[in-house]
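Please give me a guided tour of this structure. I have it open in a viewer and would like to know what to select next and what is there.

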Amino acid sequence: MAHLTTVQLLLLLMSMAECAQSRATRARTDLLNVCMDAKHHKEKPGPEDNLHDQCSPWKTNSCCSTNTSQEAHKDISYLYRFNWNHCGTMTPECKRHFIQDTCLYECSPNLGPWIQQATEDCQRWWEDCRSSFTCKSNWHKGWNWTSGHNECPVGASCHPFTFYFPTPAVLCEKIWSHSYKLSNYSRGSGRCIQMWFDPAQGNPNEEVARFYAEAMSGAGLHRAWSLVGSLTLVLLWVLS
């Protein structure tokens, strides 16, 4: 009877390991080629031949519609009712980075594992916005919305971007409540999301998504195998 119980327990441990591996594989797949569960995203990514201007790099496989891509280029669109010109007219060089940021968020099917931002993208964004003005360092919350679009809160003063964002890292990491994390990896490394890329060369963010999805599911699988290993040791100790 003791021998039978031992076999049963070992089979249970093996079954747990197989289930953990299956869940890890499924989790990795669920993080790849998916659209966010958000207001304007499609349910599933797919081709959109007529994406507008800066959103066009995602036309072969997109989570945004043509209409969403057009709205992403407007100063106050129905997407968020967000006014880029809340402290005077934002320069075109600066605004194009926010448009590209919107296109990335709305259109990319590769954000499942979420984001580390390439250092070069942050540097260029910061440099192009140095001469534009804003009144807040966190644009995700704290605005006055009484007019139907964002305005500076009472007591907030307009200053050049460098007043609120003294470095590229502060800009990328702080402006949307730390949704971005500045990466030490370079463009093309396969380890950081790129807002800007040449679609003729393929979408480099697909490789980034695969890497982090595998890393995340691999961590879960490692924990599962560690648990199985510890249970095996307990079993052997009990039977000895």
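Predicted model: local features only at pLDDT ≥ 70, side-chain atom pairs only at ≥ 80, totals over all residues.

**Stop one: a disulfide within a loop**

Begin with the cysteines. The structure holds 7 disulfides, and three of them are visited here. Select Cys-35 and Cys-63, which form a disulfide with their sulfur atoms 2.1 Å apart. The torsion about their S-S bond is about -95°, so this disulfide is left-handed. Cys-35 lies in the loop between helix H1 (2-30) and H2, and Cys-63 is also in the loop between H1 and H2, so the pair ties together parts that are 28 residues apart in sequence. Now turn to how accessible the two residues are. Cys-35 has a relative accessibility of 14% and counts as buried because the cut-off for buried is under 20%. Cys-63 is buried too, with a relative accessible area of 0%.

**Stop two: from a loop to helix H3**

Select Cys-55 and Cys-103 next. A disulfide joins them, with an S to S distance of 2.0 Å. The S-S torsion of Cys-55 and Cys-103 is about -80°, so this link is left-handed. Which parts does the pair connect? Cys-55 lies in the loop between H1 and H2, whereas Cys-103 is in helix H3, so parts 48 residues apart in sequence are tied together. Both Cys-55 and Cys-103 are buried.

**Stop three: His-73**

His-73 is found in the loop between helix H2 (66-71) and helix H3 (92-107). Is His-73 buried or exposed? With 17% relative accessibility, His-73 counts as buried. For Gln-54, look at the backbone: its nitrogen lies 3.0 Å from a polar atom of the His-73 side chain.

**Stop four: the other end of the H3 link**

Return to helix H3 and select Cys-94 together with Cys-129. These two residues are joined by a disulfide, S to S 2.0 Å. With 95° about the S-S bond, the link of Cys-94 and Cys-129 is right-handed. Cys-94 lies in helix H3 and Cys-129 in the loop between helix H4 (119-128) and strand S1 (133-134), so the pair ties together parts that are 35 residues apart in sequence. Both Cys-94 and Cys-129 are buried.

**Stop five: Gln-194**

Move on to Gln-194, in the loop between helix H6 (168-174) and helix H7 (205-239). Gln-194 is buried, with a relative accessible area of 7%. A polar atom of the Gln-194 side chain lies 3.4 Å from the backbone oxygen of Trp-196. To see what surrounds Gln-194, show Leu-104, Asp-121, Arg-187, Gly-188, Pro-204 and Asn-205, its contacts once neighbours within four places in sequence are left aside.

**Stop six: Gly-155**

Finish at Gly-155, which is found in the loop between S1 and strand S2 (159-160). Is Gly-155 buried or exposed? At 74% relative accessibility, Gly-155 counts as exposed because exposed means over 50%.

Terms used. Residues numbered from 1 in each chain as written. Heavy atoms only, no water. Helix = DSSP H or I, 4+ residues; strand = E, 2+ residues; numbered from the N terminus. Buried < 20%, exposed > 50% of the residue type's maximum accessible area, 1.4 Å probe, protein only. Polar contact = N/O pair within 3.5 Å; in protein donor to acceptor, adjacent residues only side chain to side chain. Contact = heavy atoms within 4.5 Å. Disulfide = S-S within 2.5 Å.
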